[in-house]
Amino acid sequence: ILVSPTDTTPVSQQSSLNAELLFTMINDHRQKLGLIAFQKNDQLCQLAQARGPELYEEIFGSKSIHAGFYARKLPYRIIENMVHRNSEQIAFNWWLSSSLHRRAIESNYQFSCGACWAILSSGRGCAGSWWTTPIAR
């Protein structure tokens, strides 16, 4: 998988972050607040996998954040969170410290799915682990 047609930075599905653990942490947080747990949705899982490399390119390349997301013209409302941290706890804490990301996690949306992936630097290994999650009604 390549980040974009013009970028040759390899992207790997292998990551040091565990998507299931982050999903559980988010749902545990929601439960403490009396909110229903997010349910996984296959379409959102596929979207999370596809959006990881795209969003990376949008942030560090084109600077058109969420452009690929909007271009899909999805028939439902979605919030998109992404983080680059080297542990699940640090990623989760960062999201909760950001009012925008925290609102998404604590929203009344019903479905979510996360995906972890890594950017490989010149084929020499993982330069960063990322997690992206769409959240939908």
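Which residue forms a salt bridge with glutamate 54? The partner is arginine 72, and the closest N and O atoms are 2.8 Å apart. A salt bridge here is a side-chain nitrogen of Lys or Arg within 4 Å of a carboxyl oxygen of Asp or Glu. This pair links distant parts of the chain, 18 residues apart. Glutamate 54 sits in helix α2 (residues 42-62), and arginine 72 in the loop between α3 (67-71) and β4 (78-84).

The model is predicted: local features need pLDDT of at least 70, side-chain atom pairs count only at pLDDT 80 or more, and totals for chains, interfaces and linings use all residues. Residues are numbered from 1 along each chain as its sequence is written, and side-chain values use heavy atoms, with hydrogens and water left out.

The protein contains five helices and seven strands. Both are DSSP runs, numbered from the N terminus (helices: H or I, at least four residues; strands: E, at least two). Along the sequence the pattern reads β-β-α-β-α-α-β-α-α-β-β-β. Of the 137 residues, 45% count as buried. Buried means under 20% relative accessible area, exposed over 50%, and partly exposed in between (1.4 Å probe, protein chains only).

The structure holds five salt bridges. Both members of the opening pair are partly exposed: glutamate 54 has a relative accessible area of 24%, and arginine 72 has 30%. Lysine 40 forms another salt bridge, with glutamate 20. The closest N and O atoms of that pair are 2.2 Å apart. Lysine 40 belongs to strand β3 (residues 39-40) and glutamate 20 to helix α1 (residues 19-32), so defined as DSSP runs. The two are 20 residues apart, and the pair links distant parts of the chain. Lysine 40 is partly exposed at 38% relative accessible area. Glutamate 20 is partly exposed as well, at 47%.

Arginine 102 pairs with glutamate 106 in a further salt bridge, with closest N and O atoms 2.8 Å apart. Arginine 102 counts as partly exposed at 30% relative accessibility. Glutamate 106 is partly exposed, with a relative accessible area of 25%. Salt bridges that share partners join Arg51, Glu54, Glu58 and Arg72 into one network. Side chains of opposite charge can pair when their charged atoms come close.

The largest pocket has a volume of about 550 Å³. Of its 24 lining residues, the closest to the centre are His66, Ile79, Glu80, Asn81 and His101. Pockets were found on a 1 Å grid over the protein atoms alone: a pocket is an open set of points where a 1.4 Å probe fits, with protein on both sides within 12 Å along at least five of seven lines, and lining residues have an atom within 4 Å of a point. Grid points are joined across faces, edges and corners, and the volume is the space filled by probe spheres set on the points. α2, α3, β4 and α5 each supply at least two lining residues. β4 gives the largest share, seven residues. By class, the lining has 16 nonpolar, four polar and four charged residues. Ala, Val, Leu, Ile, Met, Phe, Trp, Tyr, Cys and Pro count as nonpolar, Asp, Glu, Lys and Arg as charged, and the others, Gly among them, as polar.

His101 also makes a polar contact, side chain to side chain, with serine 98 (2.7 Å). Such a contact is a pair of N or O atoms within 3.5 Å; within protein, one must be able to donate a hydrogen and the other to accept it, and residues adjacent in sequence count only if both atoms are side-chain atoms. Serine 98 lies in the loop between α4 (88-97) and α5 (99-105). Serine 98 is buried, with a relative accessible area of 14%.

The largest nonpolar core has twelve residues, including Leu22, Phe23, Phe92, Trp95 and Tyr109. α1 and α4 each supply at least two residues of this core. Another core, of seven residues, lies apart from it, with Leu44, Leu47, Phe69 and Phe111 among them. A nonpolar core is a set of buried Ala, Val, Leu, Ile, Met, Phe, Trp, Tyr and Cys residues joined through side-chain atoms within 4.5 Å.

Tyrosine 56 is found in helix α2 and counts as buried at 18% relative accessibility. Tyrosine 56 and methionine 82 are 26 residues apart in sequence and 9.1 Å apart in space, C-alpha to C-alpha.
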